[in-house]
Amino acid sequence: MPTAFNRRDLIVGAAGLLASAPLESALAAAMPDVAGTEAAALKDVAARRRFRFGTALSYGALTRDPAYAALVARQCDLLVAENEMKWQWLRPTPTTFAFDRFDAILGWGEAHGMAVRGHNLLWHQPKWLPAWLNAYDFGSAPHREAERLLTTHIDTVTRRYGTRIKSYDVVNEAVNPKDGTLYETSLSKALGGTEPTLDLAFHTARAAAPHAQLVYNDYMSWEPGNDAHRAGVLRLLEGFRRRGTPVDALGVQSHLITQGLPTASHVAALEGPWRQFLDAVTHMGYALVVTELDVRDNNLPADIAVRDRGVADFTRAYLDVTLAYPQLTDVLCWGLADRHSWIEGFEPRRDRAPRRPTLYDTALQPKPMRAAVAAALAAAPIRTG
Ligand code: XIL
């Protein structure tokens with residue numbers, strides 16, 4: 001890291017303290033480099049507490065942005081393909097698989113000593129399934145045909161990669177955040193319900209990849225407005241346990257959204273329900289994975305120094321609570337630099353100021369959020385499992 005970062009971070013942090021009376025963690029994040037967190041790669045900071053650290057990476061970024069790929073290789077020991085394992089990318093037709101792009105990401109990750117996660121085997125929303133599957137004719141025995149399609153897909157992918165992939169998001173986002181109910185898809189309709197469909201996905205994955213950690217992944221978060229989503233996810237996880245569905249962990253995506261400059265009282269209000277949720281999940285015996293960390297800088301001023309400080313403080317506060325759970329050992333960001341984040345395309349800011357959702361800016365320079373993540377990892381209780 002450039003040495004200037006220390007000084008800049010301190011100044012920005014101090015300004016943030018005066019302007020918004022924010023968290024103590026702002027100060028901690030801005031402290032001189034006591035733990036060597038700024039000079040060290042994030043994977044090494046994480047490893048000192050026996051965590052792993054990684055990011056999503058797309059085929060486009062990998063093949064067209066060597067400087068970014070080098071940054072990912074230096075900072076990460078975990079990798080996940082941003083899109084290339086999803087049905088929409090992997091399944092051009094009902095009878096074919098297009099593995100080249102995912103293979104390229106996996107091979108590159110392995111060549112750089114990274115563990116690569118599988119994301120995902122079933123994104124259970126029509127919006128994210130290929131058009132051909134949404135319009136599929138399941139014929140005269142729809143149940144059997146849906147079962148065949150789903151199990152063939154999961155079998156083919158997991159057997160192809162064998163022990164090269166040790167953790168899968170088997171099911172992604174099956175819960176409707178509005179009311180906590182489960183989404184239906186062409187598959188679940190043909191199969192006679194969403195729960196049997198998701199159960200089948202997990203059972204198939206367990207049989208074909210018995211070595212792998214099987215994850216249910218979703219974006220219920222700690223901001224206000226997530227109550228129905230969290231309740232729905234809890235119901236789903238309870239159901240998995242009741243029915244003996246083989247699910248090992250909850251993927252906590254962690255697409256955070258600031259509500260303004262985070263103050264201590266604001267964060268304290270978020271913390272209670274969030275702990276309650278994570279307590280309930282872990283009491284059921286699930287492990288936790290932070291799978292897709294990034295921040296939508298909503299209701300923060302466009303001013304970059306102020307905005308970056310707000311994002312960093314919010315991230316630090318969130319990670320302090322979340323990383324305290326010993327069931328959590330892996331932290332992945334959804335992109336490491338602003339020039340490769342999906343957020344701008346997904347939800348631009350109202351004032352059109354370019355989003356700053358990740359750890360590194362568009363010039364690949366570290367931002368305060370990078371220091372906040374490093375500090376949170378350095379401060380997390382050491383993993384013992
Ligand atoms: C996003 C990708 O980043 C985009 O490139 C793509 O257009 C849509 O999907 N939750 C998830 C991820 O589980 O797979 C999503 O990734 C972001 C939200």
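Me: What is the relative accessible area of Ser-58?

Reply: This is a predicted model, in which local features need pLDDT of at least 70 and side-chain atom pairs count only at pLDDT 80 or more, while totals for chains, interfaces and linings use all residues. Residues are numbered from 1 along each chain as its sequence is written, and side-chain values use heavy atoms, with hydrogens and water left out. Ser-58 sits in the loop between E1 and helix H4 (59–64), where helices (H or I, at least four residues) and strands (E, at least two) are DSSP runs numbered from the N terminus. Buried means under 20% relative accessible area, exposed over 50% and partly exposed in between, with a 1.4 Å probe and protein chains only, and Ser-58 counts as buried because its relative accessible area is 16%.

Me: Which residues does Ser-58 touch, not counting residues up to four places away in sequence?

Reply: The loop that holds Ser-58 runs between E1 and helix H4, and a contact here means heavy atoms within 4.5 Å. Once residues up to four places away in sequence are not counted, the residues that Ser-58 touches are Glu-82, Glu-84 and Ile-105.

Me: Which residues cover the two faces of strand E2?

Reply: In a regular strand the side chains alternate between the two faces of the sheet. Strand E2 (residues 78–81) has both of its faces covered, and the residues concerned are all buried: on one side Leu-78 and Val-80, and on the other Leu-79 and Ala-81.

Me: Which residue in E3 is the bridge partner of Leu-78?

Reply: Two strands pair if DSSP finds at least two bridges between them; strand E1 (residues 52–57) runs parallel to E2 and is joined to E2 by four bridges, with Gly-54 having Leu-78 as its bridge partner in E2. E2 also pairs in the parallel sense with strand E3 (residues 115–123), over three bridges. On that side, the bridge partner of Leu-78 is Ala-115.

Me: Which residues touch the most other members of the largest nonpolar core?

Reply: A nonpolar core is a set of buried Ala, Val, Leu, Ile, Met, Phe, Trp, Tyr and Cys residues joined through side-chain atoms within 4.5 Å. The largest one has 103 residues, and those touching the most other members are Phe-53, Tyr-216, Trp-222, Leu-250 and Leu-336.

Me: What is the distance from N to O in the salt bridge of Asp-155 and Arg-159?

Reply: A salt bridge is a side-chain nitrogen of Lys or Arg within 4 Å of a carboxyl oxygen of Asp or Glu, and the whole structure holds 22 of them. Asp-155 and Arg-159 both belong to helix H9 (residues 142–161), four residues apart, about one turn of the helix. Asp-155 is partly exposed at 25% relative accessible area, whereas Arg-159 is exposed at 53%. The side chains meet, N to O, at 3.4 Å.

Me: How many residues apart in sequence are the parts that Asp-297 and Arg-355 tie together?

Reply: The closest N and O atoms of the salt bridge between Asp-297 and Arg-355 are 2.7 Å apart, and both residues are buried. They also belong to one network, built from salt bridges that share partners, which joins Arg-296, Asp-297, Arg-307, Glu-347, Arg-349, Asp-351 and Arg-355. Asp-297 lies in the loop between strand E8 (287–296) and helix H14 (304–322), and Arg-355 in the loop between helix H15 (343–346) and helix H16 (368–379), so the pair ties together parts whose separation in residues is 58.

Me: What is the radius of gyration of the protein?

Reply: The secondary structure of the protein comes to 16 helices and nine strands. The radius of gyration is taken over C-alpha atoms, and the globule rule is 2.2 Å times the number of residues to the power 0.38. For 385 residues that rule gives 21 Å, so the protein is as compact as a globular protein of that length, its own value being close to this at 21 Å.
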